[in-house]
Amino acid sequence: MKMGIFINALMALMMAATLQATATPVAENAAEVAPQQSTVEKIVANLPRLSGFLHTGWSYTSNDLNSTSSFQAKRLRLALDGNIGSKIAYHVQIEAFNSVDGATNGNGQYNLDVMEAHATWKPHDAFQVQVGQFFTPLGMETYDISPASLETPNYSDIVYRIACRNPYEYNFCSNGVDLGIMLMGDLIDSGKGFKYLHYDIALSNGSLAMKDDSNKSKDIYLRATIQPTNHLTIKGTYNWGEYTSRNLAGGIPVTAPTGENKYNPMSRCVVGASYDNPNGLDLRAEYGFMKSKVDGTQVVDEAGAYILAGYRFGKFLPSARWEIYQDKVNDTASCNYNRMVLGCVFRPFDHVRLQAAYSLTFYRDHAATALGYDRNHHLQLMAIVHF
């Protein structure tokens, strides 16, 4: 009797297992159950990916001497990304309306610029090689944060005067990109979705983008990124190079006793930290300096810092930003200031961001005397459309 019950139970289990195996067959690997792609789907999957954004709006500036109001096309960027096999990726980015000094034609209209054009070989997460024209790894804002995701319409002067400007080769704000080669990789992976330690080592011309080097010296960038927790990141970059004295259209003449020297040494350093919770607190702070001494004369001596704090409330991101900058060699320049920026970002749709920002700039004594006013008001209403 007991044996009959056991046999019946065993047969019932075998039938249930058979039915289960028939209903949901178990493949030995994922490839056996993956849907087969058609020829057209394979071709489409391997095509380059086109993306970009338009940054446009209205700007108003007012001080004791003048007031201006203008619609702006601040940025238009188009990017093309693709892969060659499983180990090589390429990226091309073109920008128009970049609003940087020196990037205009004879009529004062902004030119079309190649921002990035590089290929990256990725044999391992700990070792990757990038060649071509790329953003130099100096500062968090210019290297890690796209203007399409920035909390305010404008970067700090750590970007405009240190990362994207070279007082010798081009004494105006360019795009912060250069031609060269860069090694990078993740040395320590937490295994929890973030990296403990990342490095970037770059060797570049040190001149304007899309131009050959003017001497045989090269720029060196050494950068380390530490991420102790999921939202906290600490970064530091040191850069050294030697440059040719040039006075280019759109730039301020180099007022240095260097003549036509081709090897003026200059060092730059930017360190910072950020805490970025996509559903809450947004904190970031950076400090940077740029120095050069030639034959005992201090030719370049500039430093700046900022602190930003914001908090995400659903689709809103209000923020406050305090900035300070100083040029110790040219204390009458307009970059000698303290600035407060209040802004808010509203994201009504996935591909649209609306920005509002008001900034109040206080100029230091010598700069205020040279300018003819001691403060400046700036209001911006901008929209960013992604595609």
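Let me start with a term: a polar contact here is a pair of N or O atoms within 3.5 Å, where within protein one must be able to donate a hydrogen and the other to accept it, and residues adjacent in sequence count only if both atoms are side-chain atoms. With that in hand, look at tyrosine 243 and aspartate 219, whose side chains are joined by a polar contact of 2.6 Å.

Before I go on, the ground rules. This is a predicted model, so local features need pLDDT of at least 70 and side-chain atom pairs count only at pLDDT 80 or more, while totals for chains, interfaces and linings use all residues. Residues are numbered from 1 along each chain as its sequence is written, and side-chain values use heavy atoms, with hydrogens and water left out.

Back to tyrosine 243, which sits in strand β9; strands are DSSP E runs of at least two residues, helices are H or I runs of at least four, and both are numbered from the N terminus. Is tyrosine 243 buried or exposed? Buried, because its relative accessibility is 0%, and the cut-offs are under 20% relative accessible area for buried, over 50% for exposed and partly exposed in between, with a 1.4 Å probe and protein chains only. Contact means heavy atoms within 4.5 Å. Leaving out neighbours within four places in sequence, tyrosine 243 has contacts including Asn166, Asp219, Asn261 and Arg268.

Now the rest of β9, residues 232–243. In a regular strand the side chains alternate between the two faces of the sheet.

What about the pairing? Two strands pair if DSSP finds at least two bridges between them. β8 and β9 run antiparallel, joined by seven bridges, and they form a hairpin with five residues between them. Threonine 225 has lysine 235 in β9 as its bridge partner. On to β10, residues 264–276: β9 pairs with that strand over twelve bridges, again in the antiparallel sense, and threonine 237 stands opposite valine 270 there.

Over in β8, arginine 223 is buried, at a relative accessible area of 5%. Which side chain does the side chain of arginine 223 make a polar contact with? That's aspartate 144, at 2.6 Å.

A cavity is a set of points on a 1 Å grid over the protein atoms alone where a 1.4 Å probe fits but cannot get out, and lining residues have an atom within 4 Å of a point. Points are joined across faces, edges and corners, and a volume is the space filled by probe spheres set on them. How many cavities of 30 Å³ or more does the structure hold? One, and the largest cavity has about 70 Å³ of space. Among its lining residues are Thr136, Asp219, Tyr221 and Arg268, and β6 and β8 each supply at least two. Threonine 136 lies in the loop between β5 and α3 and is buried, at 4%.

Note on methods. 1 Å grid on protein atoms, 1.4 Å probe; cavity = no way out; pocket = protein on both sides within 12 Å on 5 of 7 lines; lining within 4 Å.
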